[in-house]
Amino acid sequence: MKFFVCWPAMRKEENKVMRNNLFALVKKESLHILRDKRTMLIVILIPVVLIVLFGFAISTEVNNVNVAVVAPDRTNGVNDAVNRIAHNDYFTFCGYINQDEIDQQLRSGKVSAVIVFAPDFDRRMEQINAGLPSTPIIQLIVDASNVNSAGAATAYMQEILLGTESQQAMFETRMLFNPQMKSAYNFVPGIMGLIFILVCAMMTSVSIVREKEVGTMEVLLVSPMRPTKVFFAKMIPYFVISCVVLIIILLLSYYLLHVPMSGGVWGIFSMSLLYVLLSLSLGLLVSIVVKTQVAALLLSGMVMMLPMLLLSGMLFPIENFPKFFEVLSNVVPARWYIEGIRKMMIQGSPFVAVWKEFTILLGMTVLFFGMSLLKFNDKLE
Amino acid sequence: MNVIEVNNLSKGYGKVKALDSISFSVKRSELFGLIGPDGAGKTTLFRLLTTLINPDEGSATVDGLDIIKDYRKIRSRVGYMPGRFSLYPDLTVEENLAFFAAIFGVKVKDSYDLVAPIYKQIEPFRKRQAHNLSGGMKQKLALSCALIHHPSVLFLDEPTTGIDAVSRSELWDMLKNLKEKGITILVSTPYMDEAFLCDRIALCNEGRILGIDTPQGIIEQFDSKLFEVRADNMFALLEAARQVEGVAECYPFGQAHHLVADDNFNMYRFKEQLGTFSNLTITPTEPTIEDVFINLMKQ
Amino acid sequence: MSETVISVRNLTKRFGDFTAVNNISFDVYRGEIFGFLGANGAGKTTAMRMLCGLSYPTSGSGTVAGFNVMREGEMIKRHIGYMSQRFSLYNTLTVGENIKLFAGIYGLSKQVTAKRSEELLARLKFSSERDTLVKALPLGWKQKLAFAIAGIHRPEIIFLDEPTGGVDPVTRRQFWEMIYEAAEGGTTIFVTTHYMDEAEYCSRVSIIVDGEVRALDTPTRLKQQFNAVSMDEVFRMLARDAQRGE
């Protein structure tokens with residue numbers, strides 16, 4: 001009887017000890033992080049640098065494409081088309097050249113594209129409008145040594161050149177949401193995906209494994225402290241840092257790069273927090289599996305970041321992948337995160353519309369945590 | 001009841017057998033020393049007893065608790081100082097101590113009288129980050145952290161390796177004090193001369209125990225006659241002495257060589273045979289722990 | 001008359017405002033076993049690295065095996081042998097492979113390597129272990145093998161940095177017998193150690209405290225000078241006021 005009376009008090013005391021434990025651990029982790037000024041700088045600086053770089057400096061947009069034209073018959077149709085190109089901000093019309101000059105102009109880099117109009121352009125155009133079969137009447141010769149901009153330039157040129165009203169009816173080619181294909185919209189979700197894996201997975205795992213390597217883990221284990229608490233305490237400061245970085249990225253994207261957050265900030269925030277938890281659990285899994293910091297870095301870097309960069313749709317559209325890689329990309333968590341964020345940030349979809357992505361990420365998080373708990377062993381070996 | 005009981009404990013790593021069927025026991029308030037070189041299995045034994053790893057065979061208890069079944073309880077009550085400095089280098093002395101106190105759920109001031117004699121020596125440096133401390137101070141800090149929760153048993157793995165001679169003797173004085181307060185201490189060291197600072201010792205080599213007894217008892221196990229020999233040319237003397245009849249062993253021992261004699265040995269005949277050596281002296285001498293160790297190794 | 005193989009004058013090494021080695025001067029003669037004693041952090045290893053051509057002095061001068069420490073570090077390395085406690089051999093290679101590797105590094109031809117390899121293994125009674133991975137060897141064997149390999153190219157001087165740390169008493173003595181043999185053969189041995197009894201095996205000993213040479217003489221004369229019974233006592237007296245611990 002006495003036991004039951006005392007038990008709540010004992011539990012309370014035990015709880016207090018356990019809370020004190022956890023607090024002490026979190027405090028220690030925070031001290032480690034704050035005293036490591038170099039790493040701190042990198043973690044805060046990298047998102048800022050990446051956003052500015054991708055937002056402003058690097059772009060796969062169409063810009064300043066030099067175009068020359070070969071047109072043996074300078075008909076009205078031809079003049080019209082050329083004028084439209086010349087007046088477009090993204091193209092620079094460099095003048096008419098001869099057929100035999102095409103190769104030299106492209107090779108020397110004086111122009112990036114040459115438009116060749118077939119002779120008798122106007123008449124042939126009428127034929128096409130009338131529905132009669134015809135050979136192509138415009139030849140686009142494009143310097144494709146930069147594949148990305150060549151593709152964009154070609155597509156844009158086609159749109160401009162065929163922009164007569166009749167053709168408008170035939171082709172409904174419009175670039176939705178991002179007509180100029182501003183790369184900033186593309187990259188911000190990708191950057192977010194990258195940064196959180198970096199901070200949460202890589203740094204958390206390195207921090208845990210460092211204790212194993214240096215030997216302090218031994219001392220921590222020989223104590224009443226449950227090792228799960230040690231891991232928990234390691235994740236909390238990195239969770240906090242991630243939230244800070246998330247806010248910085250969102251602020252920069254909105255105010256500096258004018259990325260619309262049409263879907264509502266809270267949806268973006270929730271998805272991002274889930275992704276952070278997923279990355280933390282990945283970091284945990286890595287730290288349980290490896291023994292040295294170098295291995296933790298390699299595993300996080302090679303196995304996680306590289307597929308993330310290549311397969312998540314951040315740099316290269318998934319639709320362009322061969323079937324095998326398209327299937328493989330389903331396994332990359334960042335792919336779902338980036339898709340979800342894109343939908344919310346750029347399309348303006350509400351949170352409900354990304355339930356599929358959210359559920360998949362949730363499932364993955366639970367899976368990684370589960371695997372960590374299973375593999376976990378509170379002995380040294 | 002024995003505070004530490006070890007029964008036929010074995011542990012191997014791949015082909016190497018780190019511990020081969022070790023058995024011994026430690027009584028309450030004993031200062032027990034594991035004396036042996038690298039590779040003897042000392043660290044493996046400590047890791048087994050502090051429940052950091054599991055044995056391949058055998059069993060052991062600490063304070064009556066089984067190292068496999070009751071490992072969580074053992075972890076709450078023992079103090080452990082591993083072989084290399086295992087505190088946080090970027091935290092200060094104070095912060096390290098406060099951290100370990102919190103981990104064990106105690107307040108620093110509650111353990112003050114136990115830790116004070118040690119802590120007083122590093123207190124002037126309490127705001128210094130641990131990586132800026134000298135080796136001796138690091139070990140004192142580590143010891144304070146290991147004691148902060150009033151453990152009944154202390155496991156110290158080579159606490160005196162790599163630190164200066166003065167700090168080494170200070171550390172041993174502290175251990176004597178702790179023993180007097182009732183704490184049982186299991187300590188390892190590669191230095192044979194530290195054996196006499198323990199109540200009982202176990203000589204260890206390559207995963208096996210060569211002998212267990214009080215230091216004096218171990219010495220008494222040496223049942224041959226021992227002599228000190230010197231001459232001007234020490235190296236030549238070594239080789240020549242080994243050829244003399246009745247000489248079982250002759251090995252360098254610092255200032256003089258130690259000569260182990262068997263029953264056929266005759267001191268005067270020895271001096272005669274090596275008469276060409278200038279300043280040759282031979283005197284009987286008492287064996288040291290090291291002599292016993294060498295003797296046991298050869299068996 | 002003994003020839004000088006190492007000669008050092010006012011050798012100093014500074015790292016920023018920290019002076020690790022302060023103005024040391026001494027000579028070492030051919031065939032000597034010259035001991036360097038001191039606590040960890042006293043500057044022994046730093047001084048040794050300068051003599052081995054592994055690090056350039058901040059100031060001062062010296063010659064090792066006839067080469068200038070300030071300018072001819074690479075030549076010094078080719079004419080000396082080196083072994084330390086921390087690193088001696090490659091654990092993931094076999095005994096035979098290690099011998100071949102170091103013989104190759106020192107520029108020995110294939111025939112010479114093969115011959116010396118056989119001799120070495122026979123002398124250490126290791127012939128059956130040629131194909132054993134070094135990491136499977138007990139520590140004592142590793143150290144003996146490392147010392148033998150350090151001398152495979154018959155250098156004039158062999159530098160040993162705390163070679164017997166943590167080694168069992170029997171192997172330690174066998175190791176020193178190898179050192180004696182090498183010295184008898186004319187090789188000069190420069191060794192650092194913190195075991196005071198090993199100081200007794202040296203022809204002459206210098207004691208380093210806080211980066212400076214505080215004593216240099218034969219063990220016998222040092223004990224007389226300090227009125228001590230053992231080298232341990234001599235060392236304690238000198239080390240008592242040391243500022244630098246490890």
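The model is predicted: local features need pLDDT of at least 70, side-chain atom pairs count only at pLDDT 80 or more, and totals for chains, interfaces and linings use all residues. Residues are numbered from 1 along each chain as its sequence is written, and chains are lettered from A and ligands numbered from 1 in the order in which they are written. Helices (H or I, at least four residues) and strands (E, at least two) are DSSP runs, numbered from the N terminus.

**Helix pairs in chain A**

- Helix H11 (residues 265-289) of chain A packs on helix H12 (residues 293-311) of chain A at an angle of about 130 degrees, with the axes 9 Å apart. Axes are lines fitted to C-alpha atoms, for helices over the stretch in contact, and angles run from 0 to 180 degrees between N-to-C directions.
- That angle makes H11(A) oblique to H12(A); angles under 35 degrees count as roughly parallel, over 145 as roughly antiparallel, 65 to 115 as roughly perpendicular and the rest as oblique.
- The crossing of H11(A) and H12(A) is right-handed. A crossing is left-handed if the near helix is turned anticlockwise from the far one by less than a right angle, and right-handed if clockwise.
- H11(A) contributes Leu282(A), Val286(A) and Ser287(A) to the contact, and H12(A) contributes Ala296(A), Leu299(A), Ser300(A) and Met304(A). Contact means that the C-beta atoms of two residues, placed from the backbone, lie within 7 Å.
- Five of these residues are nonpolar, two polar and none charged. Ala, Val, Leu, Ile, Met, Phe, Trp, Tyr, Cys and Pro count as nonpolar, Asp, Glu, Lys and Arg as charged, and the others, Gly among them, as polar.
- Helix H14 (residues 333-347) of chain A and helix H15 (residues 355-375) of chain A pack at about 150 degrees, with axes 9 Å apart, which makes H14(A) roughly antiparallel to H15(A).
- H14(A) passes H15(A) in a left-handed crossing. Residues of H14(A) including Trp336(A) and Tyr337(A) meet residues of H15(A) including Phe358(A) and Leu361(A).
- The contact of H14(A) with H15(A) has seven nonpolar, one polar and two charged residues.

**Helix H5 of chain A**

- In helix H5 (residues 121-129) of chain A, the buried residues are Phe121(A), Arg124(A) and Met125(A). Buried means 20 or more other C-beta atoms within 10 Å of the residue's own, with C-beta atoms placed from the backbone.
- These residues lie on the same side of H5(A) because they cover an arc of only 105 degrees around the axis.
- The buried residues of H5(A) pack against helix H3 (76-87) and strand E3 (113-117) of chain A.
- Gly131(A), with a positive phi near 90 degrees, follows H5(A).

**Helix pair in chain C**

- Helix H3 (residues 95-105) and helix H4 (residues 110-124) of chain C pack at about 135 degrees, with axes 10 Å apart; that makes H3(C) oblique to H4(C).
- H3(C) passes H4(C) in a right-handed crossing.

**Chain interfaces**

- The contact between chains B and A takes 22 residues from chain B and 20 from chain A. H3(B) gives the most to the chain B side, with four residues.
- The contact between chains C and B takes 22 residues from chain C and 26 from chain B. H6(C) supplies the largest share of the chain C side, six residues.

Methods:
Buried ≥ 20, exposed ≤ 12 C-beta atoms within 10 Å, placed from the backbone. Arc of directions from axis to C-beta.
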